[in-house]
Amino acid sequence: MQYYVISIFVFISLLCTGFASWVTVGFTVGGSAGGSSFGAYQSINTEDYVTFAGLQCFSYCKVGFVENNAFSDSGTVTVTYTINCEAIKAAFPDGKDYKIKFTIYGTKPGSSDSLTIFDYMHANFPITILLGSDINSLAYDYEENDSTDSTRLTYSIKKSTINDKINSTSDKNISLTVKYTFSHATGDSFITNIYNQIHSESGEKAFFYAYATLVPTN
């Protein structure tokens, strides 16, 4: 049985904006500050199947998330990928299954230590995975074996979840959007649980990382 893993690594950094003390997360390209990189095993070209297409992230200040110029109890990171329908249909015909796993994690400002914010931000706000123009979220599984602590979240979708859509479209490519909604009330506990992890006293910001992995399952 041939086995390979296809990974997309998206490098996300928290960047300062012009909104006084507000900070927003953004995607950076190139340079030492960030960028996107692609890895594959057994000479499989990642971009033949799934490619990174864009990213939008939450804003925050010291005491809470910020949305529409106002305090909010939630903040969202949205990662968009492009699925190559033709390549996937050719590589995974009937009888060959796979799943796509999505992981997000981060490191503390000026450090390689892992963020542990997911104890506070994921339980009551499950992620949303949308395919193309569909408005209904795809069913997904929580990959507990890959998410054994508060430092990362991993979810997956099965071939059967997206197979009908991919097989029925004449489009070569279709978008897949993964939306993480993080929840935490504003106030002192936000400072302790969230802000102090992602923003240092010297003004350094945390780094977030997200990646997708396509895994054959038979």
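Which residues are exposed on the other side of α3? Before selecting them, please note that this is a predicted model, in which local features need pLDDT of at least 70 and side-chain atom pairs count only at pLDDT 80 or more, while totals for chains, interfaces and linings use all residues. Residues are numbered from 1 along each chain as its sequence is written, and side-chain values use heavy atoms, with hydrogens and water left out.

**First stop: helix α3**

Select residues 159-168, which form helix α3. Helices (H or I, at least four residues) and strands (E, at least two) are DSSP runs, numbered from the N terminus. Colour Lys159, Ile162, Asn163 and Ile166, the buried residues of this helix. Buried means under 20% relative accessible area, exposed means over 50%, and partly exposed lies in between (1.4 Å probe, protein chains only). An α-helix has 3.6 residues a turn, so residues three or four places apart point the same way.

Now turn to the other side of α3: Ser160, Asp164 and Ser168 are exposed there. To see what the buried residues of α3 pack against, display β8 (74-84), α1 (85-91), β9 (98-107), β10 and β12 (152-158).

**Second stop: the whole chain**

Return to the complete protein chain, which has four helices and 14 strands. Buried residues make up 49% of its 218 residues. The accessible surface of the chain comes to about 10,700 Å², and 45% of this belongs to carbon and sulfur atoms; such areas come from the Shrake-Rupley method with a 1.4 Å probe, and for residues only the protein chains shown count as cover. Contact means heavy atoms within 4.5 Å. Among contacts between residues at least 6 apart in sequence, 77% join residues at least 24 apart.

**Third stop: confidence**

Colour the chain by pLDDT, the predictor's confidence in each residue, from 0 to 100. The chain averages 74, and 74% of the residues score at least 70. Confidence is lowest in strand β3 (residues 36-40), with a mean of 29, and highest in strand β10 (residues 128-131), at 94. Over residues 1-44 the pLDDT is below 50, although this stretch has 126 contacts in the model beyond near neighbours in sequence. Where pLDDT is low, the predicted coordinates should not be read in detail.

Select Ile100, Phe102, Ile104 and Phe182, the residues with the most contacts inside the largest nonpolar core, which has 46 residues. Strand β13 (residues 173-183) gives the largest share of this core, five residues. A nonpolar core is a set of buried Ala, Val, Leu, Ile, Met, Phe, Trp, Tyr and Cys residues joined through side-chain atoms within 4.5 Å.

Is Gln197 buried or exposed? Select this residue in helix α4 (residues 188-198): Gln197 is buried, with a relative accessible area of 11%. A polar atom of the Gln197 side chain lies 2.9 Å from the backbone nitrogen of Thr116. Not counting residues up to four places away in sequence, Gln197 touches Lys108, Pro109, Leu115, Thr116, Ile117, Tyr120 and Ala206.

Continue to Ala206, in the loop between α4 and β14 (207-216). Ala206 counts as buried, at 1% relative accessibility. Ala206 and Lys108 are 98 residues apart in sequence, and their C-alpha atoms are 4.7 Å apart in space.

**Last stop: exposed residues**

Select Asn68, in the loop between β6 (64-67) and β7 (70-72). Asn68 is exposed, with a relative accessible area of 72%, and its phi is near 55°, a positive value in a residue other than glycine. Asn69 is found in the loop between β6 and β7; Asn69 also has a positive phi, of about 60°, and counts as exposed at 60% relative accessibility. Most residues other than glycine have a negative phi, and most peptide bonds are trans.

Finally, select Gln56 in strand β4 (residues 50-56). Gln56 is exposed, with a relative accessible area of 59%, and touches Thr76, Val77 and Thr78, not counting residues up to four places away in sequence.

Methods:
A polar contact is a pair of N or O atoms within 3.5 Å; within protein, one must be able to donate a hydrogen and the other to accept it, and residues adjacent in sequence count only if both atoms are side-chain atoms.
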